[in-house]
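The following exercises concern a single protein chain. Please work through each task before reading its solution.

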Amino acid sequence: MDGEGKEDISVDTPYILMCLQVEALENDEVVEGPVYVTINVLDINNNAPSFNQSSYIAMVQENSRAGLPFTRVFASDLDDPQTPNAQLKYSLVSQIPNKKNVLLFQINPKTGEISTSDEGDMRRRNVDPLEDPDFTLLVRVQDLGGDSPTALSGNARVHIVVKQNLWNNPGPITIKENQKEQYPLVIAKVQSNDPDAVYTLVQKEKELKFPFQIKGNGEIVLTEELDREEKDMYILVVFAKDNHDRDVDPPMEIHILVEDVNDNAPECEQEESVFEVQEDEIVGTSIGDLMVSDADEEGTLNSQLTYTIVSQSPVTTPGTFLIDDTGKIQSLRMLQRKEHQAYDLIIRVSDSEFSTECKVVINVIDVNNETPQFEKNNYGSVTLAEDSPVGHTLVTIKATDADDPDSGSSLIEFHISGDEDEVFTVETDGKGVGHLVVAKPLDFEASQTYKLQIDARNPEPLMKGLEYGEESTAFVFVDVTDVDEVPEFSLDVLDVTVPENATKGSVLLTVEAKDPEGQEIRFKLDGDSKGWLEMDANTGQIRTKDKLDRETLETFEVTVTAFEKDHPEKSSERVVHVRLLDVNDNVPKLIENQDFICMNNPKPVTIKAQDADSEPFSQPFTFTFAHGKKSPNWDLRKVDGTQTFVKCHRDVSGADCKFAHAKININFSFTAIFVKFVIFIFLVKI
């Protein structure tokens, strides 16, 4: 309080809320009050933020990852922490040295954590710590979130020492295969940044063979010779851990490359390579590529191959074939099959140190340079009755081909023109002999004459520039004679389905038939053992003439005959299949119409029923007493869909007879059972 009794309120005071009690006094006595006064002290931004240290020292490892904090600065502000006056923002002002005008470090504006920037990623910069041993950063902190021109600030310096990274990857390491050395052989060495690190070595591929080890001093050794053809690269993973099995450096992958040496001879992929070339091909025609492999590394002199034709059989002068350094075989002259059908070659294939010999066979195949020729171009006319059977031979045709008889060029196929319905065909074995035969039934009414053009063709394409001529075509003329044929039905299969309650005179089916020669026809029906059907001889209508009964006969067959009116012997038959559909035309019936019940010991009687109809017009049945009333003396208990129990549920005898006669009468849909008392039972369908 000051001399006048007032409290000195400063922004530095920890109180922001004050409560006062005011009283009015007269002669030291309270005359009014007390009155309570609350005073809120509002903060103003009158304190600059300050770092807890004016200078910091930090160390960063060479090759450290960008964005990974390695130190932190801290600042505070005496203003109200609940207001923007104490909201702080960190920033990086400068970096010394900065030779490339690129900031290599960054600071988190909220936390003050310092890390390397993407531009300054020590792993990519590969900074030599001896060249740039340290850096000095000027960092700033501002209140008001750093967003106001009136924000107050403070500064500090951060001295950063770059520590050389000893955990360097020595790879990739190249080792020659089949190297004759004293093993184990030191091939590399690693060093952790932790002098007490424990090293372990594993293989990334997890294969059975792993000829590498690591010593306690970080030396990596090879334990045996390597074979590039077996495996051309190994990936080693080195771990540096402390005594608690925690990583002190990140795992390191080292690639071991196995260098190839020429230790494999070329190998022919086939014991004997066979190629084909058509005769008369132009000079330089490619015949094929000789496939040879070398297990040594591809793209090196160790697998670079050269090809030489050592011998050729039969021998020709000048040479017939050429092979280049890719293994491509070409012809040096036009070949003729009539001269030589095949050539045998021995080809030597060599790399810089080894060689092998491959066998090659080149077959000269016939080119289709000859067309088939008929022995004659007109085989005249052939007369056929229209009832000639399928397979009947009309004429035998012959053609020859001068091409090699062992090649596809000499095969002959016959093609027919002028026969759109394909009534005829030529059967042949491909050797030039063909049999013109009937392939489908003849029909005088449809076609009486045919002019058949038969072309002889090879399945192989003709040589370029060669075309088929008149000598490859022959003609056959066919005359078809009329035969008085039997009537023909319009349908081969005649099926009828009709309900069994069809009325008398109902038309089941109208049979249609015609005579090829246009003769008038009649119909008749046979085989109706029940006498249920009749047929109109003129129209072909089949009608019912009596009541049908599915329960008597569900399916049956009748025979329909169509015949010429003036020549009844000219006839044909079809079987009509008739199936009757069930209707509900039968009432249920009891299987037994009487039973016995002993009056002294009445036991249940089983009532069984049946229905001649099929489902759904038959079982299950429902058994009830007449008029739907319950009996005071009898119970009905359902057994299944076809039977029920009748049981006496109280003493109804009133006499000492041994048994009473029970008679069951059936009247359509109900059954009467007579014992000492009259019981009516309904039997109805569900």
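**Exercise 1.** With which residue does Glu-534 form a salt bridge, and how far apart are the closest N and O atoms?

*Solution.* The model is predicted, so local features need pLDDT of at least 70 and side-chain atom pairs count only at pLDDT 80 or more, while totals for chains, interfaces and linings use all residues. Residues are numbered from 1 along each chain as its sequence is written, and side-chain values use heavy atoms, with hydrogens and water left out.

Step 1. Apply the criterion: a salt bridge is a side-chain nitrogen of Lys or Arg within 4 Å of a carboxyl oxygen of Asp or Glu.

Step 2. The partner of Glu-534 is Arg-543, with the closest N and O atoms 4.0 Å apart.

Step 3. Arg-543 also meets the side chain of Asp-536 in a salt bridge, again given as 4.0 Å from N to O.

Step 4. Glu-534 at 32% is partly exposed, Arg-543 at 21% is partly exposed, and Asp-536 at 23% is partly exposed.

**Exercise 2.** Is Arg-550 buried or partly exposed? Determine also the class of its salt-bridge partner.

*Solution.* Step 1. Glu-554 is joined to Arg-550 by a salt bridge whose closest N and O atoms are 3.7 Å apart.

Step 1. Arg-550 has a relative accessibility of 11% and therefore counts as buried. Glu-554, at 35%, counts as partly exposed.

**Exercise 3.** Which residues does Thr-555 contact, leaving aside its neighbours within four places in sequence?

*Solution.* Step 1. Locate the residue: Thr-555 lies in strand β43 (residues 555–564). Strands (E, at least two residues) and helices (H or I, at least four) are DSSP runs, numbered from the N terminus.

Step 1. Taking contact as heavy atoms within 4.5 Å, Thr-555 touches Val-578 and Arg-579.

Step 2. Arg-579 is 24 residues away from Thr-555 along the chain, yet their C-alpha atoms are separated by 4.5 Å.

Step 3. Thr-555 has a relative accessible area of 47% and is partly exposed.

**Exercise 4.** In which sense do β20 and β27 pair, and over how many bridges?

*Solution.* Step 1. Two strands pair if DSSP finds at least two bridges between them.

Step 1. β20 and β27 (residues 355–365) pair in the parallel sense over 7 bridges. Within this pairing, Glu-272 has Lys-359 of β27 as its bridge partner.

Step 2. Compare the faces of β20 (residues 272–278): Ser-273, Phe-275 and Val-277 make the covered one, whereas Glu-272, Val-274, Glu-276 and Gln-278 make the uncovered one.

**Exercise 5.** What is the order of the strands in the open sheet that contains β28?

*Solution.* Step 1. The order is β28-β30-β33-β32, with antiparallel pairing among the 4 strands. The edge strands, β28 (373–374) and β32 (424–428), each pair on one side only.

Step 1. β30 (residues 393–400) and β33 (residues 433–438) pair over 5 bridges in the antiparallel sense. Thr-393 stands opposite Val-437 of β33.

Step 2. Of its 686 residues, 36% count as buried.

Terms used:
Buried means under 20% relative accessible area, exposed over 50%, partly exposed in between (1.4 Å probe, protein chains only).
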